[in-house]
Amino acid sequence: MASVLVLGANGRLGRASVLAFASAGWQVTAQLRRAPRASLPAGVRQVQCDALDLATLAAAGAGADVIVNALNPDYTQWATLLPPITAATLALAATTGATLMLPGNVYNFGNQLPAVLSEDTPFAATHPKAAQRIALEAALAHAARDRGVRSIVIRAGDFLGDAGTWLDLAMAKGLAQGRFTQMGPTDQPHAWAWLPDLAQVFVLVAERRAMLAPHAVLHVEGLTLTGAQLQQAFEAALGRPLKTKAFPWPWLRLAAPLSPMLRALFQMRYLWQRPHRLDGRRLQALLGEVPQTPLAEVVRQCIAGPGNGSAVVRT
Ligand SMILES: NC(=O)c1ccc[n+]([C@@H]2O[C@H](COP(=O)([O-])OP(=O)(O)OC[C@H]3O[C@@H](n4cnc5c(N)ncnc54)[C@H](OP(=O)(O)O)[C@@H]3O)[C@@H](O)[C@H]2O)c1
């Protein structure tokens, strides 16, 4: 039986990955720092430790074919936390011989990102988080070349389908009051990824890992939607119109000097102002059919509750 170690199993992609790999028949070991936020499928092993605890993780991950790095350190402290976590996950992959899988994001393309993002689109370190993600992926590429550590980056848009996303924290927060919050101009396409589909992509790519280069990058097209299209999908699902409200960026800008988190979020405003979508043709060539739940169903499940009842609001 193929086996996977999921790092960050209490997180959004981490939990979705545990569920997807387990349901595909993999032996799953879930690394968490605390008790699972919701029950895990039967047969899933747990290891409770920090991601930097290499000795414990190497023992738990012995024999793993794949490691999913779904860790996400404090958003305001990537400069100091990402490098040691990256080094630790690479050391773990080197020790176990497993292929390391990483969910990439679109930060790498910088704040002047072009409208279509393919695997060949150049990176641009125009802001600190772009530089940090570029360094993270470069470390994986170098480890593949110099140390024989195999890795796969699966790049996706903003997550949908759990708590703590732009959708539940802002855009759909006022649904009960008949409001939909727009993060920017309503006609700008924005890349989204429905977590159960993305986790399914991780499984399907993991099963085909032998067909890939030692360091591979694949883009998931997911759902590309303007704010207007997303609002219309919610209106259709609810059967009533919603009043459009603009996200209070001016307030965020005012409060930003007082809060590192607000500052960090404000730096990412450009993603709502620049149209972008991920070109998923390379992934499609590998998989044939890429899992994609229809938008109406995604919205129905988002309305039913983050993570469809399996998630808790994270603080
Ligand atoms: N969110 C998005 O929209 C999005 C889009 C594209 C790509 N990504 C990427 O996908 C990855 C996962 O993101 P996510 O949103 O799923 O993350 P998340 O929900 O914020 O969860 C991250 C998990 O990492 C764990 N963690 C952080 N530092 C740790 C450490 N030192 N030791 C052990 N566990 C640690 C946290 O543990 P605790 O629960 O104990 O705090 C948490 O469960 C990140 O690389 C992110 O950049 C995210």
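Student: What makes strand β7 (residues 151–155) largely enclosed by the rest of the structure?

Tutor: Five of the five residues of β7 are buried, so the strand is largely enclosed by the rest of the structure. A residue is buried if 20 or more other C-beta atoms lie within 10 Å of its own, exposed if 12 or fewer, and partly exposed in between, with C-beta atoms placed from the backbone. Strands (E, at least two residues) and helices (H or I, at least four) are DSSP runs, numbered from the N terminus. Please keep in mind that this is a predicted model: local features need pLDDT of at least 70, side-chain atom pairs count only at pLDDT 80 or more, and totals for chains, interfaces and linings use all residues. Residues are numbered from 1 along each chain as its sequence is written.

Student: Which residues point which way from β7?

Tutor: Ser-151, Val-153 and Arg-155 point one way, Ile-152 and Ile-154 point the other way, and all are buried. In a regular strand the side chains alternate between the two faces of the sheet.

Student: How do you know that β7 pairs with β5?

Tutor: Two strands pair if DSSP finds at least two bridges between them. β5 and β7 have five bridges, in the parallel sense, and Leu-102 stands opposite Val-153 in β7. Five bridges also join β7 to strand β11 (residues 215–219), again in the parallel sense. There, Ile-154 has Leu-218 of β11 as its bridge partner.

Student: Why is Leu-100 called buried?

Tutor: Leu-100 has 26 C-beta neighbours inside 10 Å, so it counts as buried. Its place is in strand β5 (residues 99–104). Leaving aside neighbours within four places in sequence, Leu-100 is in contact (C-beta atoms, placed from the backbone, within 7 Å) with Ile-67, Asn-69, Thr-89, Leu-90, Ala-93, Leu-140, Val-149 and Ser-151. Val-4 is 96 residues away from Leu-100 along the chain, and their C-alpha atoms are separated by 9.8 Å.

Student: Why is Lys-245 called partly exposed?

Tutor: Lys-245 has 16 C-beta neighbours inside 10 Å, and therefore counts as partly exposed. This lysine lies in strand β13 (residues 243–246). Leaving aside neighbours within four places in sequence, Lys-245 is in contact with Gly-174, Arg-179, Phe-180 and Thr-181.

Student: What makes β1 mostly covered?

Tutor: Four of the five residues of β1 (residues 3–7) are buried. β1 pairs with strand β2 (residues 27–32) in parallel through five bridges, with Ser-3 opposite Gln-27 in β2. β1 and strand β4 (residues 66–69) also run parallel, over four bridges, and Leu-7 stands opposite Asn-69 in β4.

Student: What makes β2 largely enclosed?

Tutor: Five of the six residues of β2 are buried, so the strand is largely enclosed by the rest of the structure. Four bridges join β2 to strand β3 (residues 45–48), and the two run parallel. Gln-31 has Val-47 as its bridge partner in β3.

Student: What kind of unit do β1, α1 and β2 make?

Tutor: They make a right-handed β-α-β unit. A crossover is right-handed if, with the strands pointing away from the viewer, the path from the first strand over the helix to the second runs clockwise.

Student: Which residues touch the most other members of the largest nonpolar core?

Tutor: In this core of 79 residues, they are Val-4, Val-6, Ile-67, Met-101, Ile-154, Leu-198 and Phe-202. Helix α6 (residues 195–207) provides the largest share of the core, eight residues. A nonpolar core is a set of buried Ala, Val, Leu, Ile, Met, Phe, Trp, Tyr and Cys residues joined through C-beta atoms within 7 Å. Leaving aside neighbours within four places in sequence, Leu-198 is in contact with Leu-13, Ala-16, Ala-156, Ala-193 and Val-220.

Student: Which element gives the most to the shell around the ligand?

Tutor: α1 does, with three residues.

Terms used. Contact = placed C-beta atoms within 7 Å.
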